[in-house]
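Here are my notes on the model you sent.

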Amino acid sequence: MRQTDLDAWHMAHALRLAARGQGSVEPNPMVGAIVAHGAEIVGEGWHRRFGGDHAEIEALKVAGPRAKAATLYVTLEPCCHQGKTPPCTRAILAAGASRLVVARQDPYPPVAGKGIAELRAAGIVVDVGVLEAEAGDLLAPYLKLVQSGRPWVIAKWAMTLDGKLAARTGDSRWISGEESRAMAHALRGRVDAVIVGSRTAAADDPLLTARPPGPRTPLRIVVDSRASLATGSQLARTAREVPVLVAVGPDAAAGDRSRLQAAGCEVLSCGAREPARRIDQLLDHLGARHLTNVLVEGGGTLLGAFFDGGHVDEVHVFVAPRILGGAGAVSVGGRGSVEIAQALALGNVSWQRTGDDLYLHGRVHRRPPAP
């Protein structure tokens with residue numbers, strides 16, 4: 001096995017380990033690490049929870065004295081600053097590793113190449129870029145938050161075979177089957193927030209919790225320009241148990257804002273007149289709170305607004321073998337594209353069967369800017 005093949009083999013394993021932290025480590029990145037002598041792995045680890053040991057520390061602890069003169073593989077540049085835990089660079093130096101292989105540099109300003117530079121200055125051989133693209137895919141939500149100040153936006157909906165999210169009456173229970181709904185709940189359980197529009201909140205009276213609970217308890221958000229959420233709704237009645245944020249516009253009556261606050265809801269005033277700008281303000285606010293992944297569940301109007309604004313990064317769609325019909329039935333709204341050639345394309349697409357439904361998962365393919 002050539003050295004480059006061996007490096008890729010170890011790094012692929014480190015990436016699989018890193019993925020185990022999904023939902024438990026955010027807003028920290030998912031990171032995996034391997035300590036090896038050639039093909040022999042003597043230590044491995046991953047970042048298991050926010051505030052806990054970083055992947056490098058866990059792997060070095062497992063390796064113990066065998067870390068001396070070993071190669072350390074890590075999916076993201078080791079930190080060199082004091083955060084919730086001490087710098088990983090110090091631990092690497094103390095362990096006596098002779099070589100470091102890194103998938104990609106960390107853009108987080110306190111690190112941003114400084115960890116690599118520190119280790120090189122101490123005489124450790126450092127190679128960067130092994131499986132860099134694969135690491136970028138895994139780290140995409142973290143990278144977006146660090147680089148743009150906004151969370152990774154996941155759009156999820158269930159629809160009939162003819163593309164309807166709800167009947168013309170607003171009824172949408174249940175388009176998808178039990179297996180699909182279980183997967184949707186699992187998705188809720190690993191994100192930081194679940195977002196719906198005011199019409200969906202009124203029509204469905206959802207709870208928006210993950211059942212059974214996942215590693216995270218998402219903030220429940222209603223985009224409700226006029227602060228119309230009913231005090232007797234499930235969301236308002238449980239707001240003191242599981243947080244609810246109502247994002248309101250400038251025309252929301254002061255009395256309605258106070259009514260929701262008295263019920264235990266947090267009220268965020270988005271002052272822009274244009275609905276699109278209010279979504280911008282909401283995402284900026286969520287990014288400032290270090291929310292990494294947010295899930296937009298609908299309805300059609302809100303999903304359309306997020307797509308029109310270019311905010312959606314990832315899509316989860318459950319397609320049920322039903323035909324609803326009806327010109328007045330609900331579909332993904334918004335302006336949309338005027339030509340098929342301009343339609344958003346998905347990459348990294350996977351399909352699988354969930355009961356009688358089909359489940360699609362993909363990421364929005366961003367077109368490069370025009371020259």
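1. Contact here means heavy atoms within 4.5 Å. Among contacts in the chain between residues at least 6 apart in sequence, 71% join residues at least 24 apart.

2. This is a predicted model, in which local features need pLDDT of at least 70 and side-chain atom pairs count only at pLDDT 80 or more, while totals for chains, interfaces and linings use all residues. Residues are numbered from 1 along each chain as its sequence is written, and side-chain values use heavy atoms, with hydrogens and water left out.

3. The chain has eleven helices and 14 strands; helices (H or I, at least four residues) and strands (E, at least two) are DSSP runs, numbered from the N terminus. The radius of gyration of the chain is 23 Å, close to the 21 Å from the globule rule for 371 residues, so the chain is as compact as a globular protein of that length. That radius is taken over C-alpha atoms, and the rule is 2.2 Å times the number of residues to the power 0.38.

4. Of the 371 residues, 49% count as buried (under 20% relative accessible area, 1.4 Å probe, protein chains only).

5. Five strands form an open sheet in the order 2-1-3-4-5, with mixed pairing; two strands pair if DSSP finds at least two bridges between them. Strand 2 (40–46) and strand 5 (125–128) are at the edges with a single partner strand each, so one side of each has no neighbour in the sheet.

6. Strand 3 (residues 71–74) pairs with strand 4 (residues 99–102) in the parallel sense over four bridges. Thr71 is opposite Arg99 in strand 4.

How values were computed:
Buried < 20%, exposed > 50% of the residue type's maximum accessible area, 1.4 Å probe, protein only.
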